[in-house]
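Student: I have a structure to look at and would like to know what stands behind the terms used for it. Please show it to me.

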Amino acid sequence: MAKISAVLGPLISLLLTAAILVILIYGSSRVSSGSISIGALMAFILYIFNVALPRIQLTTFLEDLQKAKGASTGIAALWRDEEELTSSRKFVAIYK
């Protein structure tokens, strides 16, 4: 799972950058031909960001949630090990 999440973030960034680049190239040709205004192109690009950024944030949140689940499993294992140590006679004798 870690390998997938390590690739997912950069892949999404690459796709977003490629999409913006394609929109800028195509949009600039439309602006130069006079079919749309530069304001309309900029508004479209801002709408794209308004749609894409929350999805990227959701992906990042889910990735961090998976990391937190893994870390909490490790912490729980450490607590179990500590409980085993405190229940042994040797460890209790040291603190008496």
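Student: What does the accessible surface of the chain come to?

Tutor: The accessible surface is about 7,900 Å², and carbon and sulfur atoms hold 71% of that area. Such areas come from the Shrake-Rupley method with a 1.4 Å probe, and for residues only the protein chains shown count as cover. This is a predicted model, in which local features need pLDDT of at least 70 and side-chain atom pairs count only at pLDDT 80 or more, while totals for chains, interfaces and linings use all residues. Residues are numbered from 1 along each chain as its sequence is written, and side-chain values use heavy atoms, leaving out hydrogens and water.

Student: What makes up the secondary structure of the chain?

Tutor: There are three helices and zero strands, in the order α-α-α along the sequence. Helices are DSSP runs of H or I with at least four residues, strands are runs of E with at least two, and numbering starts from the N terminus.

Student: Why is Ile45 called buried?

Tutor: Buried means under 20% relative accessible area, exposed over 50%, and partly exposed in between (1.4 Å probe, protein chains only). Ile45 has 7% relative accessibility, so this residue counts as buried. In the chain of 96 residues, 9% count as buried.

Student: Which residues make up the largest nonpolar core?

Tutor: The six residues are Leu16, Ile20, Ile23, Leu41, Ile45 and Ala52. A nonpolar core is a set of buried Ala, Val, Leu, Ile, Met, Phe, Trp, Tyr and Cys residues joined through side-chain atoms within 4.5 Å. Helices α1 (2-33) and α2 (38-87) each give two or more residues to this core.

Student: What is Ile45 in contact with, leaving aside neighbours within four places in sequence?

Tutor: Ile45 is in contact with Ile20, Ile23 and Leu24, where contact means heavy atoms within 4.5 Å.

Student: How do you know that Lys67 forms a salt bridge with Glu63?

Tutor: A salt bridge needs a side-chain nitrogen of Lys or Arg within 4 Å of a carboxyl oxygen of Asp or Glu. The closest N and O atoms of Lys67 and Glu63 are 3.6 Å apart, and the structure holds one salt bridge. Both residues lie in helix α2, four residues apart.

Student: Are Lys67 and Glu63 buried or exposed?

Tutor: Lys67 has 51% relative accessibility, so Lys67 counts as exposed. Glu63 has 19%, so Glu63 counts as buried.
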